[in-house]
Protein chains: 2
Amino acid sequence: MTYCLGIITESGLVMAADSRTNAGVDYVSTYRKLFDFSIAGDRVILLATSGNLSVTQEALSMLEKDIKTGSDPNLHNLTSMYEIAAYVGKKVRQIQEQHRQWLEKDQIDYQCSLLLGGQLQDEAPELYLIYSQGNFIQATQETPFLQIGETKYGKPLLDRTITYQTPWRAAAKCALLSIDSTMKSNISVGPPINLIGYEHNSFQINHQLTLKLGAPYLVKIRKSWESVVKEAFDRMPDIDWDHHQEAAIDEATENMFVD
Amino acid sequence: MTYCLGIITESGLVMAADSRTNAGVDYVSTYRKLFDFSIAGDRVILLATSGNLSVTQEALSMLEKDIKTGSDPNLHNLTSMYEIAAYVGKKVRQIQEQHRQWLEKDQIDYQCSLLLGGQLQDEAPELYLIYSQGNFIQATQETPFLQIGETKYGKPLLDRTITYQTPWRAAAKCALLSIDSTMKSNISVGPPINLIGYEHNSFQINHQLTLKLGAPYLVKIRKSWESVVKEAFDRMPDIDWDHHQEAAIDEATENMFVD
C-alpha cells in the first residue's frame, strides 16, 4: 500500500509520500513515490504515485524520455498545469491499455493514481489528482488537500486542521503527522517519508527532506502527538450518564455533523 | 455505512454504534444498531450490527424468538460467551444461506458482521467480532478493541489511547470521539450515537445513553477535541528543513514504526 497527500494553501504547496510497496505481506520493498520535474526559476512540477508499481514506473520513464528527446508535448514545454494533468493522464491510459489484457488474465490490479502539484510562470499554483482512468480533479480553496492510496486513517486529522488559510509550514507538519498516523494503523505504509514544501511564486524547491526510519524529528512528533492526545482525554469533560438521554434534536445544529 | 466498536478493559466493557443506514446517498435512514439482551443480575449480553440491514434484522428477530419460545439453545440459557458467539454466527449463516441466491442475482451485498460483548455469571467478561461467514475472533489484553463497518477513520485515535489498563469511563469517552471523527470524515456514519458502559462483575447495565443530533455533550467534545488538535500543532516542534536529510537509519528504533 501507499499513502501520498498534497496540500495547497494560500502561501504554498506541500507534497508528501511514504516509501513502502508490497506484493503481499511477505514481499515488502522500498520505492520512492515523490518525484520532482522542476526547472528552477521556470516551473515547479511534482508528482506522487500510488498503485501498480510497474505502471507508475513506466509512466515516469515515459515522462522523462519525452523531456530528454524533446518530444512535443513534454513536462517542460507545456504551458499550464491543466495541460500537464491531461498529458500525464494520457500516458497512464496508454500504458494501462498496453498491459491490461495480460494483467487482467491473472486478476492483477493495474490501477494507479497520481498527485500532480506545481506552478508555471504566469500561472497560479495548482494541485491535481489524476485517476487511474486518466481523468482528473483539482484541489480548490474549499478542498485544499488531495490524497491517494491508503487515505482514510490520515484524513480525520486533515479534516480538523487544514484550511486554505493554513500557513504552508504548518501544513507540512500536518502532512507528516497524517502519514505517521497512517503508518501506526497500517504497516503496509512505511518510511522513509519524502516531503517537499514549496512557497508560491518562488519557482524553485527550497524545502525538501527525507525522513528515514528512526529520524529524530519523526520520533519527536509521534511522541509529542501521543502525549497531546492523552492529555486531551484527561481534559475532556466526563460523560454525564444520567442527563444525556433527553438531549434535544436541534435541526439548526445539524450541519455540525456533516460539515 | 455503519460504525460500531467495542472496547474491553480491565474494569469494564464499552460498546458504541452510530445509527445511519443508507441505500445510496439518496436514501438515508436511521436504525438502532446496538441491542441489549441482558438479564439484570444474571448475564449481560450486548450486540452491535453492521452490514445488510435485512439480514441483521432477521438475525435479531430469530434471537428474540428463540428466547420467547424457550428454544434450546437461546441467548438466555447458553452458559458461556463463546457458545453465544457460535450460536449467533450459526444464525447469521442460516439467514444468509436462505437469501443468498436471490441477493446474488442482483449483486446485492448480503454480508454483515456483529460485535458481541458481555459477561455471564462465573465467567470473565468477553468481547467478540462475529464475521459474516459466522466464524469469530475475540478481543484480548493485547488487542482490547474491535470494530465493524467504517473502521479506518476512527482507528488512529484508538491505537494511540486504548490499552487494557484504560479505565472503562475513559474508554467510553474515546469511543464517542472515535465515532465523532468518523462522522466528520464520512457522512454515511451519523447520529444518534448509542453508547453502553458496563462495569465488570456488576451483571447489569447501569450506564447507557443516546446522543442525538446536536446533543450538547457531543458538540462539546467535538469542539474541545478540535481546539486541542489545533493547539497541538502550534506546540509541535518546527521542521528543520536543513538538518533532516542525514537522519540515520537506526534499526533499533524500527519497531517504533510498526508497533
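In which loop of chain A is the place of A:Q107? Select A:Q107 and you land between α2 (81-105) and β7 (112-120) of chain A; helices here are DSSP runs of H or I with at least four residues, strands are E runs of at least two, and both are numbered from the N terminus.

Before going on: this is a predicted model, where local features need pLDDT of at least 70, side-chain atom pairs count only at pLDDT 80 or more, and totals for chains, interfaces and linings use all residues. Residues are numbered from 1 along each chain as its sequence is written, chains are lettered from A and ligands numbered from 1 in the order written, and side-chain values use heavy atoms, without hydrogens and water.

Back at A:Q107, check phi: about 50°, positive although the residue is not a glycine. A:Q107 is exposed, at 70% relative accessible area (exposed is over 50%, buried under 20%, partly exposed in between; 1.4 Å probe, protein chains only).

Next, pick B:F203, in the loop between β11 and β12 (207-211) of chain B. Phi is positive here too, near 55°, but B:F203 is buried, at 9%.

Now for two cis peptide bonds. One joins B:D72 and B:P73, with omega about 5°; B:P73 sits in the loop between α1 (53-68) and α2 (81-105) of chain B. Another runs from B:P191 to B:P192, omega near 0°, and B:P192 is in the loop between α4 (168-185) and β11 (193-199).
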